[in-house]
Amino acid sequence: MVRLTAHELELSARVLLRRHGPAAPEEARRQADTCAPGGQSHWVATWLLIAELCEELLAGAGAAAPVTHPAG
């Protein structure tokens, strides 16, 4: 099973926002729905989390903030 870091999840949300604008959360939920029939629950959870991140970015000033790379 692939696990994404918080940074990778945020990048995924930002890419969806660039591609789909305000419809990004809906697109992420659509992706979750496509994973559900195959029993890929980890991807369903990942897409739902990305949808929530999209909503948070749309709601706050974070939508305009640049993505920073984690220290390491």
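**View 1. The length of helix α1 in this predicted model.** Counting 1.5 Å a residue, the 15 residues of α1 should span 21 Å, and this agrees with its end C-alpha atoms, which lie 21 Å apart.

**View 2. The buried side of α1.** Have a look at His7, Leu9, Ala13, Arg14, Leu16 and Leu17, which are buried in α1. What do the buried residues of α1 pack against? Their partners are α2 and α3.

**View 3. α2 alongside α3.** Here the two helix axes come within 8 Å and cross at roughly 175°. Since angles over 145 degrees count as roughly antiparallel, α2 is therefore roughly antiparallel to α3. On the α2 side, the meeting residues are Ala24, Pro25, Ala28, Arg29, Gln31, Ala32 and Cys35. Facing them from α3 are Trp43, Val44, Trp47, Leu48, Ile50, Ala51, Cys54, Glu55 and Leu58. By type, the residues of this contact divide into 13 nonpolar, 1 polar and 2 charged.

**View 4. The largest nonpolar core.** This core has 14 residues, and those touching the most other members are Leu16, Ala28, Trp47, Ile50 and Cys54. At least two core residues come from each of α1 (6–20), α2 (24–35) and α3 (41–59). Which helix gives the most? That is α3, with 6 residues.

**View 5. Close-up on cysteine 54.** If we leave aside neighbours within four places in sequence, cysteine 54 is in contact with Ala13, Leu16, Leu17, Ala24 and Pro25.

Terms used. Residues are numbered from 1 along each chain as its sequence is written. This is a predicted model: local features need pLDDT of at least 70, side-chain atom pairs count only at pLDDT 80 or more; totals for chains, interfaces and linings use all residues. Side-chain values use heavy atoms; hydrogens and water are left out. A nonpolar core is a set of buried Ala, Val, Leu, Ile, Met, Phe, Trp, Tyr and Cys residues joined through side-chain atoms within 4.5 Å. Buried means under 20% relative accessible area, exposed over 50%, partly exposed in between (1.4 Å probe, protein chains only). Helices (H or I, at least four residues) and strands (E, at least two) are DSSP runs, numbered from the N terminus. Contact means heavy atoms within 4.5 Å. Axes are lines fitted to C-alpha atoms, for helices over the stretch in contact, and angles run from 0 to 180 degrees between N-to-C directions. Angles under 35 degrees count as roughly parallel, over 145 as roughly antiparallel, 65 to 115 as roughly perpendicular and the rest as oblique. Ala, Val, Leu, Ile, Met, Phe, Trp, Tyr, Cys and Pro count as nonpolar, Asp, Glu, Lys and Arg as charged, and the others, Gly among them, as polar. The expected span of a helix is 1.5 Å times one less than its number of residues.
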